[in-house]
Amino acid sequence: MKGTLMRKFCWVPLIAAFVACATTQVNTAVPTHGVAYRGGMWFDGSKFAAKTMYVVDGVLRTRAPTQVDSTVDLAGGYVVPPFADAHHHFTDPRIDQTTRTQLAAGVFYVKDHGNSPLFRRLIDPALNRPTSVDFISANQGWTAPSGHPVEVIKRGLAMGPPIADMIRDSLDPGLVNQVASVADIDRRWSYFLGGKPDFVKVFLFRSDDSALRANPAAEGRFGIDPARVREIVQRRGAGGLEVSAHVFTSVDFRNAVNGGVQLIAHLPGGRGPDSIFMLTEADAKAARQRGVTVITTVVQHEDSALLERLLKTQYANNINLLRRHGVPLLIGSDLMGRTAAIEIAPLAHSGLFTNLELLRMWSVTTPRAIFPKRRIGELRDGYEASFLVLRADPLKDIEATRAIALRVKQGVRL
């Protein structure tokens, strides 16, 4: 998590506004009779084919139901599964505005890598429904004492009460867990699980520099001791919570994989000598063998010149290695207030992916990774009736993913 507090932890001064934003009533009615969708070109995972599909009780069907209540003419539009963002932060209390922004971009599924139990309780009523975004979160992440993102959160002290009071009273463990020992983890674990996190987030940041973690003046320039990562992985609970790791350098990546995490929240890369960010064949091989998935987040730097350079050097090396070894890549932006569409654009410009590969990453691989137990990411019989209708063929021009003519979520036309 990088950037200003206003971008990542933008809390409004009135708690009442939180509640008002989060409890907006929406119509969640799902049609109980069949609707026919004709005249569209439907994506089958590799190409588009003309056919008619039916929506019955929020589910896609290939055969017409007994009663077709209405017919929608897709006018030759290109039908694709909805998009997803595997690395976001829903910390803006204007949750209705946030969900409108995501849905407008065709993003129906979001994985939040840093929040709080308090804020989750406020925004949850507006999420995970047919007319909104489907959402999971790690709640508070795990870092070292004074480690990243503590410095980001503390910028809110300048905002005055009640935000400053909340940060002083609830920083640890309410907003982030700061641990240096097994005993520190023990003291916070029950409270953390009580917030009902969907997965676990650890912050590995310059993890090979133990001197930084011991330097009081280095606040925010380091993350958790890698020795604590495996202990967190091992105690994630009998039900099993996925563990995600924020990484910066190739050593962070290596420590995350060796520590047993299942998800890497960033491609290694950034300002500094290329050598400290470059993954090796051994890194990619280990990630594949241990079932690790990696989120891109190349656009997080918000510096176009830097991004252009990294896509030719650090990111090109790391992406090519990971793909060669079969490590799944997910689409994620890590930019609050934006959508994953801005992540797709530089990846397309880089020439590292075909349009088909990008479309599959965004609409098939990433949604399934966020919600692996759901029937999403495909437009086939028995799957959730959630899809987008594009005005043009995204396999010819990936920019077509921005021209959405129709959005349907679990049978509801948005």
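Rings of Phe, Tyr and Trp (its six-membered ring) count as an aromatic pair if their centres lie within 6.5 Å; planes under 30 degrees apart are stacked, over 60 edge-to-face, and the rest tilted. The structure holds 13 such pairs. It is a predicted model, in which local features need pLDDT of at least 70, side-chain atom pairs count only at pLDDT 80 or more, and totals for chains, interfaces and linings use all residues. Residues are numbered from 1 along each chain as its sequence is written, and side-chain values use heavy atoms, with hydrogens and water left out.

Phe 90 and Phe 135 form a stacked pair, 5.1 Å centre to centre with 25° between the planes. The pair links distant parts of the chain. Phe 90 sits in the loop between β6 (83-88) and α3 (95-104), Phe 135 in strand β8 (residues 134-137), 45 residues apart. Helices (H or I, at least four residues) and strands (E, at least two) are DSSP runs, numbered from the N terminus. Both Phe 90 and Phe 135 are buried. Buried means under 20% relative accessible area, exposed over 50%, and partly exposed in between (1.4 Å probe, protein chains only).

Tyr 109 and Phe 371 pair edge-to-face, at 6.0 Å centre to centre and 65° between the planes. Tyr 109 belongs to strand β7 (residues 107-112) and Phe 371 to the loop between α15 and β16 (387-390), so the pair ties together parts 262 residues apart in sequence. Tyr 109 and Phe 371 are both buried.

The largest nonpolar core has 104 residues. A nonpolar core is a set of buried Ala, Val, Leu, Ile, Met, Phe, Trp, Tyr and Cys residues joined through side-chain atoms within 4.5 Å. Tyr 37, Trp 42, Trp 142, Ile 264, Val 294, Leu 322 and Phe 387 touch the most other members. Helix α15 (residues 355-370) gives the most to this core, with six residues. A second, separate core of eight residues includes Ile 167, Leu 171, Leu 175 and Val 176. Tyr 37, Trp 42 and Phe 387 also form one aromatic cluster.

Helix α12 (residues 304-312) and helix α13 (residues 314-324) pack at about 40°, with their axes 3 Å apart. Axes are lines fitted to C-alpha atoms, for helices over the stretch in contact, and angles run from 0 to 180 degrees between N-to-C directions. The angle makes α12 oblique to α13. Angles under 35 degrees count as roughly parallel, over 145 as roughly antiparallel, 65 to 115 as roughly perpendicular and the rest as oblique. Contact (heavy atoms within 4.5 Å) involves Leu 307, Arg 309, Leu 310, Leu 311 and Lys 312 of α12 and Gln 314, Tyr 315 and Ala 316 of α13.
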